[in-house]
Amino acid sequence: MNLLKTTLENGLTVVLRETHSAPVTSVWVWYRVGSRNEHLGITGISHWVEHMMFKGTERWPRQKLDQSIAREGGYLNAMTWYDFTAYFETLPSAKAYMALDIESDRMTNALFDPDEVAAERTVIISERQGNENDPTFLLDEELSGAAFRVHPYGHDTIGHLCDLQTMTREDLYTHYRSYYGPNNAILAAAGDFNAGEMLRMIESTFGRIAPRNTLPQVMAQEPPQKGERRVTVEGDAGVDYLAMAFHTPEATHPDIHALTVLSTVLAGGSGSLVGRGSLTNYTSRLYRAVVQSQLAADVSASLIPTVDPNLYRISATVLPEHSPAEVENAIRTEIDEIRRNPITAEELAKAKRQARALFAFSSESITNQAFWLGFSEIFADTSWFLRYLEKLEAVTAEDVLRVANTYMRPQNLTVGHYLSNYSEE
Amino acid sequence: MGRNKVALPGPGDVLRQMLPNGITVLARENFISPSVVIDGYLISGSEDDPAEREGLASFTVDVMERGTHQRPFEQLYEEVESVGAAFGFSTGVHITSFGAKGLAEQLPLLLEICNDVMRNPAFAPEQIEHARAELLSTLREQEFDTRTRAAHAFHELTYPIGHPYRRRVTGTPDTIAQLKEADLRAFHERNITPRGMVIAIVGAVKAQAALETVQNIFRDWEGDRPARPALPEVPALTERREQYVPLPEKTQTDLVLGWPGPSRRSPDFLACQLANTILGVFGMMGRLGEQVRSQNGLAYYVYSSLEGGAGPGPWQAIAGVHPLQVEKTVALILDEIRRLRDEAVPAMELEDSKSYLTGSLPLRLETNEGVAGTLTHIERYDLGLDYLQRYQERIRAISALDVQTAARRWLNPEAFALGISGPPQKLNP
């Protein structure tokens, strides 16, 4: 892969990939700040700061920001998650400079106008309330809270309602000034450009920004879980849901690739680290155990690469006439089995074939390519992404058996049941 | 600084051929990545559902995907999943779409799977019950979903009883419970035929080779399907119609406000598309986003959407708001509708939205899926293979008056349908 990776004097990490498949460039700026960097009282603050970054600077007022990119046929957006806040513009290559201009400007010059903060408070609360309408959000929120009692991964990125109601403009601005600087950021770009020319433009736009003196560090470490935890959520969703979560290690841990194979065998390739979402999982063990057996309407799993240890989650929608407990039991039987006996050679080979295909699909769009370059720098570095298939290829059935026994123990499990209390009367 | 002029797909690089049995094949090469995408459709949809069997078209396809005579469920998905490929079918009102994705060498396998599912479904009784249980579970989830309920309410207010746009593609729990194996077999026999089928193949396969693979697999399929009656007329709305669906314990209210809109073939469709872009798409969701979200902080999401399919599909404004803010949001949306009708769009704003529509073409065509979907769209509405080449010129030709005329014709702020779903206790305080 044709990559240029360097660090500017002010600490900005730059990763560039030339790819000339379409006359398009995607520019991403990633900050190492997300829900991981929050504590009670300011949960949701990283995400709210992300919203404020669209409210403009002196040079790029709000409407000019949205409209200038759209006028060129491009789009811009942003996302906040556990470990990062990321901003991107995908636009015709001839206009790539505009993205650099916008992102370098709002790295330090966002206004946080008090009236805009006030208007955005209700928008953010509306976003949270939209999430609350989804019963699986409510269940996942409870599940995470129970699984983590120390580490900030225990609260959702959107934040608690009470914090969204009480945080101040000063809280937001302080957060912004603490974390937004070149030495806490990664610029990743992919597209139809010359990497040398692109680097010179990046130096001319970002190069003069002074680094932040001190960056707050996250000290929290989740203590090992000593026994199974259980939560129940009741609501009127009309359908019951099950969620199960096991603590798993950080993305740079050597076990992470064997866990990806384990997850693929259990619940299909779409739950693996790279390229989620595009494959069916009808031949996976859990699908056979709970969907083919008509206990659940669907089952899925997800393993997320993060800086600190996180959770491997399994979710299912329970069919009427059955209960979350029945689905849970069927899944536990499968987990017992995968802890007892090695997966078959064919299952191992199939998991690797799925990973290869998903990896190929994930590199198709230019926006996705730039996403992966930046995202992998957040939790590891680009070599993690580039060597992903190679590492996966090296996984053996014995590795899978070992990680199954290391992580999928009942003492390491949190179970959530969503029980619909709706009655037809 | 773009170094590479990549041409828009067009007559110069898209192979198009109609087979004797009525299948149209489109193929375009792209060797940038080793994958291939199939995108196509069959002429079968919920408008073919018999009156008392709402959901039959969609349910038939659900079961078709669950195994063929040669490939029972497990084997079918083992063949596909074991190589990391995927395929799927999806039923709409007028057509049934299908698609598949895999590495280039899997094209023959994926085409053969699509062929087998279309022509030789097993309709095994246990798979019918399986599909039924899953669908009933999904329909039950939708009963408690504010967005779905608001959308259903809008359709019931807008389209007359019996109109395919009023009925649900997925059917209802009552109709799905009653569908029998014989219904599915009869529907399949009557409606799933090669006539009018379109299949586009885009990716790392030579276009001629893609065409020949389709020919080899589908050429011996013969058959015709019955002609369809014309869609019933949809009378214009004559007053404000509102339906509110209470869902206890929800925290947010979703609303859908709109009208029956132009079909894709309507002469003023592109003017409507431009009007819709100005209203609720451009930048952060157009004028609606500016008013409802940015100025007033009422909603996390608000936008407008123009369906523009084969018939008078909806033209809607959609928002999720606090239950106390429903009336205020509706008033702001109607203000923007009035402004679009009463005032010519300023020259700069018009230019911006035009630039967005034409400038975003390369981005929409960035992936194989994007190109394949565009090719089937062009074929479906007879837009001509040079449509993308002519698109810029046609958008450029639209005037502020055209936009205003389109808004006046389709969007009436005094007569509209409004579907709302959310928590009851906080509505209309």
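A residue counts as buried if 20 or more other C-beta atoms lie within 10 Å of its own, and as exposed if 12 or fewer do. The model is predicted, and every value below is computed from it.

**Exercise 1. Determine the overall dimensions of chain A and how much of it is buried.**

Step 1. Along the principal axes, the C-alpha atoms of chain A occupy a box of roughly 60 × 50 × 40 Å.

Step 2. A compact globule of 425 residues would have a radius of gyration near 22 Å; the value for chain A is 22 Å, which agrees.

Step 3. By the burial criterion, 56% of the 425 residues of chain A are buried.

Step 4. The secondary structure of chain A consists of 16 helices and 11 strands. Among contacts in chain A with a separation of 6 or more, 80% join residues 24 or more positions apart.

**Exercise 2. Identify the domains of chain A and describe the side of domain 1 that touches domain 2.**

Step 1. The assignment for chain A gives domain 1 (3-206) and domain 2 (229-420). Their C-alpha centres are 27 Å apart.

Step 2. In chain A, 35 residues of domain 1 are in contact with 29 residues of domain 2.

Step 3. On the domain 1 side, the elements of chain A that give two or more residues are strands E1 (3-7), E2 (13-18), E3 (24-31), E5 (85-92) and E6 (185-191), together with helix H5 (135-147). H5(A) gives the most, with 9 residues.

Step 4. By residue class, this side of domain 1 of chain A divides into 21 nonpolar, 7 polar and 7 charged residues.

**Exercise 3. Carry out the corresponding analysis for chain B: which elements of domain 1 touch domain 2?**

Step 1. Chain B is divided into domain 1 (15-218) and domain 2 (241-422), with 28 Å between their C-alpha centres.

Step 2. Here 28 residues of domain 1 of chain B are in contact with 33 residues of domain 2 of chain B.

Step 3. Strand E2 (24-29), strand E3 (35-42), helix H5 (146-158) and strand E6 (198-203) of chain B each give two or more residues to the domain 1 side. H5(B) gives the most, with 11 residues.

Step 4. The domain 1 side in chain B is made up of 13 nonpolar, 9 polar and 6 charged residues.

**Exercise 4. Which residues of helix H7 of chain B are buried, and which are exposed?**

Step 1. In H7 (residues 181-191) of chain B, the buried residues are Leu184(B), Phe187(B), His188(B) and Asn191(B).

Step 2. These residues lie on the same side of H7(B), because they cover an arc of only 95° around the axis.

Step 3. An α-helix has 3.6 residues a turn, so residues three or four places apart point the same way.

Step 4. Ala182(B) and Glu189(B), on the other side of H7(B), are exposed. Helix H1 (56-64) and H4 of chain B are among what covers the buried residues.

**Exercise 5. Characterise the side of chain B that touches chain A.**

Step 1. Across the interface, 61 residues of chain B are in contact with 60 residues of chain A.

Step 2. The elements of chain B that each supply at least two residues to this side include helix H2 (73-81), strand E5 (96-103), helix H10 (282-295) and helix H12 (347-359). H4(B) gives the most, with 8 residues.

Step 3. The residues on this side of chain B divide into 22 nonpolar, 24 polar and 15 charged.

Note on methods:
Residues numbered from 1 in each chain as written. Chains lettered and ligands numbered in written order. Predicted model: local features only at pLDDT ≥ 70, side-chain atom pairs only at ≥ 80, totals over all residues. Contact = placed C-beta atoms within 7 Å. Helix = DSSP H or I, 4+ residues; strand = E, 2+ residues; numbered from the N terminus. Nonpolar A, V, L, I, M, F, W, Y, C, P; charged D, E, K, R; others polar. Domains from an automatic or database assignment. Arc of directions from axis to C-beta. Rg over C-alpha atoms; globule rule 2.2 N^0.38 Å.
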